[in-house]
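Walk through this model from the overall fold down to one residue and one ligand shell. Keep the sequence and the structure side by side as you read.

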Amino acid sequence: ATTTVGIVGGGPAGLLLARLLHRCGIDSVVLESRDRAYVEHRQRAGVLEQGTVDTLRACGAGERLDRYGLVHHGIRLRYDGRSHRIDLPALTGGRSVVVYAQTEVVKDLIGLQLAGGGPLVFGARALAVTGADTARPVIHYAHEGREHTLTCDYVIGCDGFHGVTRDAVPTGARRLYERAYPYSWLGVLADVPPSCDELVYAHSERGFALFSMRSPTVSRLYLQVPNGTDPADWPDERIWEELDARSATDGPWELARGPITAKSVLPMRSVVTEPLRYGRVLLAGDAAHIVPPAGAKGLNLAVSDVTELARAFAHLKETGSGELLDGWSDACLRRVWRAEHFSYFMTTTLHTAPGQSTFDTRLQLAQLDRIASSPHAAAELAENYTGVPQAPVP
Ligand code: FAD
Ligand code: DHB
């Protein structure tokens, strides 16, 4: 089989890219290794920047998002018994974020693709991509027990951190930058209304905690835990006790408890692959870069990567000029490194590393106090959190 753009991976990056290309009249095929139910129920991110929301709306995926997404005008920082609200629109000239689960974004995009887009093949696992430096790269994949090939004009690796497309680039032609963190997150879903109507990021000497939500009746909660933690060591009672201890404040606050319906441990790292393009193979989203989750940037970066990429393909189709496609990697990497820095900043300011000195804890508290007392410092956080404005949809 052949297509113009072969997309490996049907997560948010791959699905949105297929949607955007379809709108521009460019053929694509999405190969996704898992089944539809698995992809639609994989618990991950929850915070969408305004630019991400605008992009989803512009490509027709805004209906449920507008109905069920929760617009958030602030976040809370809690530290040293204090609680400080960051007023996002006041500090950014009107920008906010929307809390809407990645699972729902993926369901919306799959629905659109199946209703009137190019082929989206579930259960199709890419084995290798060959011919990156030729005019016709090939995706070799397994589907229903047989091996197949898809010959493309371009192959886009949207296959996440553990994908295979990155290996199509010879090791001598790419560079990996990375940083590991000495802690992970235990993430839980609970059938209980959120205790605060905004997200609470809590610094504590016992470790970081984050209070988020999926809907007015479902809470999404995270606890910093040591690397290698087994969720089985965290019975529900222990989770609630620890969330309580880490969110203690001098002000009014009561943490509502309810049945926990899911638990998982996520490791944390920062990774950037450079460049994002080699010949006719390009990498987007988690296949190209990973951020630790405290900045809520992973999903938003995947969206901006593929929006810019679709614009470059539309430009190529309309004008015959590959100029935007040639500049795409550098343009993306600039935004990626900004997000890497912000994610690193949020992570290292809010978590307590094993064996952390009291000096380092004092530095963290001084920085949080600075954010709470200076509109300039708060604006720096708010601008990064709500995201730099993204280019319009092609
Ligand atoms: P993915 O969502 O990883 O999609 C890649 C797709 O490719 C998957 O569907 C996969 O099945 C498929 N695939 C992989 N290999 C192959 C292959 N060989 N052939 C075919 N298909 C393949 N961000 C936040 O902001 N907040 C969070 O709380 C948060 N939690 C996270 C928890 C976890 C466990 C992980 C892994 C990420 C989390 N993130 C979070 C980050 C955010 O979810 C990602 O940045 C986002 O999913 C990136 O989208 P993507 O499409 O690039 O990659
Ligand atoms: C969520 C995850 C994050 O990493 C974050 O910073 C905020 C919210 C969430 O899953 O709701």
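Of the 394 residues in the protein chain, 43% are buried. Buried here means 20 or more other C-beta atoms within 10 Å of the residue's own; exposed means 12 or fewer, partly exposed lies in between, and C-beta atoms are placed from the backbone. The model is predicted: local features need pLDDT of at least 70, side-chain atom pairs count only at pLDDT 80 or more, and totals for chains, interfaces and linings use all residues. Residues are numbered from 1 along each chain as its sequence is written, while chains are lettered from A and ligands numbered from 1 in the order in which they are written.

Confidence comes next. The mean pLDDT (the predictor's confidence in each residue, from 0 to 100) of the protein chain is 97. A value of 70 or more is reached by 100% of its residues. For the complex, the predictor gives an ipTM of 0.96 and a pTM of 0.97.

Now the overall shape. The C-alpha atoms of the protein chain fill a box of roughly 65 × 45 × 45 Å along the principal axes. The radius of gyration is 21 Å, which agrees with the value near 21 Å for a compact globule of 394 residues. That radius is taken over C-alpha atoms, and the globule rule is 2.2 Å times the number of residues to the power 0.38. The protein chain has 11 helices and 21 strands. These are DSSP runs numbered from the N terminus: helices are H or I with at least four residues, strands E with at least two.

The chain splits into domain 1 (2–72 + 97–180 + 269–354) and domain 2 (184–266), with bounds from an automatic or database domain assignment. Their C-alpha centres lie 29 Å apart. Domain 1 brings 10 residues to the contact and domain 2 brings 17; contact means C-beta atoms, placed from the backbone, within 7 Å.

Look at Ala-180, in strand β12 (residues 175–180). Why is Ala-180 classed as exposed? Ala-180 has 11 other C-beta atoms within 10 Å. Its C-alpha atom is separated by 4.7 Å from that of Arg-269, 89 residues apart along the chain.

Finish at ligand 1. Its shell holds 32 residues, counted when the C-beta atom, placed from the backbone, lies within 6 Å. The closest are Gly-9, Gly-11, Gly-160, Gly-285 and Gly-298. At least two shell residues come from each of α1 (12–23), β2 (28–32), β9 (124–130) and α8 (298–319).

Note on methods: Contact = placed C-beta atoms within 7 Å.
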